[in-house]
Amino acid sequence: MALINLTGDAFNATVDTDDIVILDFWASWCGPCKMFGPTFEAAAEKHPDITFAKIDTEEEQDLAAHFNIRSIPTLMVLKKRTLVFNQAGSMSPAQFEQLIAAVRELDVDAELARQEAGQA
């Protein structure tokens, strides 16, 4: 799916239909956000099967509030609609690639089953 600017109106449809969604919460006035932007865009080009979604916290305040965004940039990763990563701050291209590889390998269904078994 590559790179999209995600709005609150399209959020549920996007996470319901796309297996992996990487969210970049950012703002135009944020220096670290601007520095991370090219890394995010390059990864989107390299991994067209993953949805890379930029969420402008100034324009999408309801989404930012829903996800309790207190610092930007903040990266979140949803796999099969399950939040599997949440971190404030940017990453180097190598760190970001490691995260993407780890998310690809993560078996969300097995992890959820393991968590449910531990809580039962």
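Predicted model: local features only at pLDDT ≥ 70, side-chain atom pairs only at ≥ 80, totals over all residues.
Close-up 1. You'll find C30 in the loop between strand 2 (20-26) and helix 2 (31-46). Once neighbours within four places in sequence are set aside, C30 is in contact with I72 and P73. The "active site" annotation in the unreviewed UniProt entry covers C30, along with C33.

**Close-up 2. C33, the other annotated cysteine, sits in helix 2**. With a relative accessible area of 4%, C33 is buried. Leaving out residues up to four places away in sequence, C33 touches W26, A27, I72 and P73.

**Close-up 3. The disulfide of C30 and C33.** The sulfur atoms of C30 and C33 are 2.4 Å apart, and the two residues form a disulfide. Look along the S-S bond and you have 80 degrees about it, making this a right-handed link. The disulfide count comes to one.

**Close-up 4. T57 and the residues around it.** T57 belongs to the loop between strand 3 (51-56) and helix 3 (61-66). This threonine is buried, at 11% relative accessibility. Skip its neighbours within four places in sequence, and T57 is in contact with F25, W26, A27, A64, I69 and I72.

**Close-up 5. A buried salt bridge between K54 and D24**. Here the closest N and O atoms are 2.8 Å apart. The partners come from distant parts of the chain, with K54 in strand 3 and D24 in strand 2, 30 residues apart. Both K54 and D24 are buried. A search of the whole structure turns up four salt bridges, and this pair is one of them.

**Close-up 6. K46 and E97 meet in a salt bridge**. The N to O distance is 3.7 Å. K46 lies in helix 2 and E97 in helix 4 (residues 93-105), so this pair ties together parts that are 51 residues apart in sequence. K46 is exposed, with a relative accessible area of 56%, while E97 is partly exposed at 23%.

**Close-up 7. D49 and R104 meet in a salt bridge**. Their side chains come to 2.7 Å, N to O. This is another link between distant parts of the chain: D49 is in the loop between helix 2 and strand 3, R104 is in helix 4, and they are 55 residues apart. D49 is exposed, with 54% relative accessible area; R104, at 35%, is partly exposed.

Terms used. Residues numbered from 1 in each chain as written. Heavy atoms only, no water. UniProt positions renumbered as here; feature names shortened; annotations may be inferred. Helix = DSSP H or I, 4+ residues; strand = E, 2+ residues; numbered from the N terminus. Contact = heavy atoms within 4.5 Å. Buried < 20%, exposed > 50% of the residue type's maximum accessible area, 1.4 Å probe, protein only. Disulfide = S-S within 2.5 Å.
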